Amino acid sequence: MDLFTFLTCPPNALDGDTAREFAAEWNVEFVEKGRRLATQGEPDPMEHIILDGRATSQISGPEGRGVCVSFNAGPCVVAPNVARTRNGTSLVSIEVVADALVAHMDSRALTELMLASEPIREWANGILQHELARKADREWCLAALGGADRLAWFRRDFPRHEGLFGHYLIASFLGITPVTLSRLRGAERDTAVD
């Protein structure tokens with residue numbers, strides 16, 4: 001999808017003139033699979049929109065074990081900079097897992113545009129509200145649900161993702177082991193056959 005079309009799509013659609021001007025402020029580039037848009041612990045001043053392709057956000061602990069905390073399947077906005085950085089340093093690594101077309105903008109430039117334009121401010125605030133709700137939903141899922149219910153929640157809230165992302169990433173996102181995910185899926189197949 002091209003950036004102008006993305007910016008004029010619901011739920012946070014901009015009018016044509018605003019979208020055209022706003023789109024001109026972003027830099028769009030092709031990003032190959034395996035490249036990072038951000039690296040945990042390093043400076044990260046950018047905002048990203050994935051127009052096509054896929055990426056994941058992961059957090060690594062001191063021992064190097066990674067946990068998937070977010071999926072990004074284009075077209076979508078990657079979690080806003082303010083929600084994934086502290087003092088300009090990235091809290092996550094964002095890795096492209098399928099070749100992607102990505103729009104980038106410095107977060108300070110976006111802030112200036114938000115101050116100058118009410119429609120852009122409303123667009124950006126809508127994106128941030130959506131991200132905060134998504135994070136709260138995942139936290140609730142991890143705290144309140146068992147494995148089978150977590151998988152059902154994932155399928156309901158991310159209906160395409162099971163076919164788009166590796167099962168080890170999905171298991172990590174759901175706070176279960178890949179073996180547990182495999183068993184849950186196997187139990188479903190066995191029940192469907194009965």
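Here are some notes on the predicted model above, point by point.

1. Ground rules. Since the model is predicted, local features need pLDDT of at least 70 and side-chain atom pairs count only at pLDDT 80 or more, while totals for chains, interfaces and linings use all residues. Residues are numbered from 1 along each chain as its sequence is written, and side-chain values use heavy atoms, with hydrogens and water left out.

2. Overall build. The protein has nine helices and eight strands; these are DSSP runs numbered from the N terminus, with helices being H or I of at least four residues and strands E of at least two. Along the principal axes, the C-alpha atoms fill a box of roughly 60 × 40 × 30 Å.

3. Contacts and surface. Take the contacts (heavy atoms within 4.5 Å) with a separation of 6 or more: 69% of them are between residues 24 or more positions apart. The protein exposes about 10500 Å², with carbon and sulfur atoms supplying 53% of it (Shrake-Rupley, 1.4 Å probe; for residues, only the protein chains shown count as cover). Of the 194 residues, 42% count as buried, meaning under 20% relative accessible area, against over 50% for exposed and in between for partly exposed (1.4 Å probe, protein chains only).

4. The largest pocket. Its volume is about 720 Å³. A pocket here is an open set of points on a 1 Å grid over the protein atoms alone, with protein on both sides within 12 Å along at least five of seven lines, and lining residues have an atom within 4 Å of a point. The volume is the space filled by probe spheres set on the points. There are 30 lining residues, and Phe 6, Pro 75, Cys 76, Val 77 and His 130 are the closest to the centre. Strands E4 (66-73) and E5 (76-77) and helices H5 (118-144) and H6 (147-157) each give two or more residues, with the largest share, nine, coming from H5. The lining divides into 18 nonpolar, seven polar and five charged residues (Ala, Val, Leu, Ile, Met, Phe, Trp, Tyr, Cys and Pro are nonpolar; Asp, Glu, Lys and Arg charged; the others, Gly among them, polar).

5. The second largest pocket. This one holds about 250 Å³. Its lining has 18 residues, with Glu 47, Pro 80, Val 82, Leu 110 and Met 114 nearest the centre. H5 turns up here too, giving the most with five residues. The lining splits into 12 nonpolar, five polar and one charged.

6. Most peptide bonds are trans, and most residues other than glycine have a negative phi. A cis bond joins Pro 10 and Pro 11, with omega about 10°, and Pro 11 is in the loop between H1 (3-7) and H2 (16-23). Another cis bond joins Gly 74 and Pro 75, with omega about 0°; Pro 75 lies in the loop between E4 and E5. Asn 87 has a positive phi of about 50° and counts as exposed at 83% relative accessibility.

7. Helix H8. Which residues of H8 are buried? They are Leu 169, Ile 170, Ala 171, Ser 172, Phe 173 and Leu 174, six of the eight in this helix (167-174). Just after H8, Gly 175 takes a positive phi of about 70°.

Definitions and conventions
1 Å grid on protein atoms, 1.4 Å probe; cavity = no way out; pocket = protein on both sides within 12 Å on 5 of 7 lines; lining within 4 Å.
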